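Student: I'd like to learn how to read pockets and cores in a model. Can you walk me through one?

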Amino acid sequence: MLDRTSLALGLLVGASISAASCVLFLLSTTHRPRPRARLPRPKSFRQSTFNLGIKTDDIRDGVAGLIGDTPLFRISSLSEATGCEILAKAEFMNVGGSTKDRVALGIIDEAEAHGHIVPHRGDTIFEGTVGSTGISLAVIARARGYLCHIVMPDDQAQEKYDLLEKLGATVEKVRPVSIVDRNHFVNLARRRAADMNREADRLDAEAEAASGSVSPSVSGTTTPETSTKKAPRGYFCDQFENLANFNTHYATTAPELYSQTNGQIDALVLGAGTGGTLAGLTRYLKPRIRKLLVVLADPTGSGLYHKIKHGIMYAPTEQEGKRKRHQVDTVVEGVGINRLTKNFEKIVAGGYVDEAVHVNDREAVEMSRYLVRKDGLFVGSSSAVNCVAAVRVARQLGPGHTIVTMICDHGTRHLTKFWSDSYIEAQGLTPRATGLEFLEDRPAPELFVQIA
């Protein structure tokens, strides 16, 4: 009896173990991770090996992939001081350190598309700039296989020259003169490119005569094979008049900003130099945000404030060419001008810009130091101008509004001038404010009152 009982019990236990083993085997087989297929390489990437599991959508392709899609952030101290949401597009986070990266990329892309330049042929990018656009061009030129030649006034912050040279650019310094002078930095850059192209034409003609071939420029056909045989050429970017500047901001910066805010913006406040950023943003956002208020922030000496407020850039004695040195007398670099560029003309007609705010040098200096103390933001001079104007607009509109501006670049490009204590002291602008008391209250324009 015991033997039968033991046998039955043994069979029952054995069967139970076998069943459990089968269940465990099936479960482990069902839930075992299947080997993942190798991720396809993106077409724009060169042959690379990706570790399993990496999302290729999150990988940027080279330097160009690090331009744009910058975050929008809340400037806490200014928002709390005004009762408004003061938001800033962090353009200093582009790979070259400023919003000019977008413009440089757009200009070079367009020049390549039209066959004006060819990578790795020895072509040179030429531009006249006070610094930031030149730095952006130097970065992208390196990445794309071009040389870069930058012409600058000789009184800019030293670190701009140093950075350009470290990036491999040729830096040509000239004395500051009016745009009507043939040796103005913009005019000289244009002439340098033209000189290089004349030499290229001569060399191409000699090569064609020796070989008996027909130049692609004569036959009207250009292919990568034939274009690389031509002599190196120069391309003048012409950021002030080149509408690739405007088009780039219209196509990239503006849609980003609209998406980040869901179109909930009461006022856009920005300075202007070439005018491309303000024009691109304004032309995109105005038709989509019905009550959007666009306000120009303009530094001392610039004529754009008067153009928006009174319809005239300057008095006859202030016309560009009447002064011996700078037309815009300010410690601020990068914004302010006394002529209408093709980019800014995109918003002059049609009432795209509603108001203008004048920002003096003391306000810009004080604001930059305030932002460091309160927010840890180390901004450039044009960004300080933007923030001064943003606070002024916020105060005039009243609490509860959303104001958007831009931090264009970082303060590290302004160490020897705008951020130099000795330089600022020599200008009589040593900061003394502890809060925002340096901003004088000004009566709100009638338009602001109506919107508020």
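Tutor: Helices (H or I, at least four residues) and strands (E, at least two) are DSSP runs, numbered from the N terminus. This is a predicted model, where local features need pLDDT of at least 70 and side-chain atom pairs count only at pLDDT 80 or more, while totals for chains, interfaces and linings use all residues. Residues are numbered from 1 along each chain as its sequence is written, and side-chain values use heavy atoms, with hydrogens and water left out.

Student: Which element gives the most to the lining of the second largest pocket?

Tutor: A pocket is an open set of points on a 1 Å grid over the protein atoms alone where a 1.4 Å probe fits, with protein on both sides within 12 Å along at least five of seven lines; lining residues have an atom within 4 Å of a point. Here α3 leads with 5 residues. The lining includes R102, D109, E110 and N247.

Student: And which residues touch the most other members of the largest nonpolar core?

Tutor: A nonpolar core is a set of buried (under 20% relative accessible area, 1.4 Å probe, protein chains only) Ala, Val, Leu, Ile, Met, Phe, Trp, Tyr and Cys residues joined through side-chain atoms within 4.5 Å. Among its 42 residues, the answer is I75, L78, M367, L371 and I403. α14 supplies the largest share, 10 residues. A second, separate core has 39 residues, including F185 and F236.

Student: What does L371 touch?

Tutor: Contact means heavy atoms within 4.5 Å. Leaving out residues up to four places away in sequence, L371 touches I75, S77, L78, G376, L377, V379 and C387.

Note on methods
Buried < 20%, exposed > 50% of the residue type's maximum accessible area, 1.4 Å probe, protein only.
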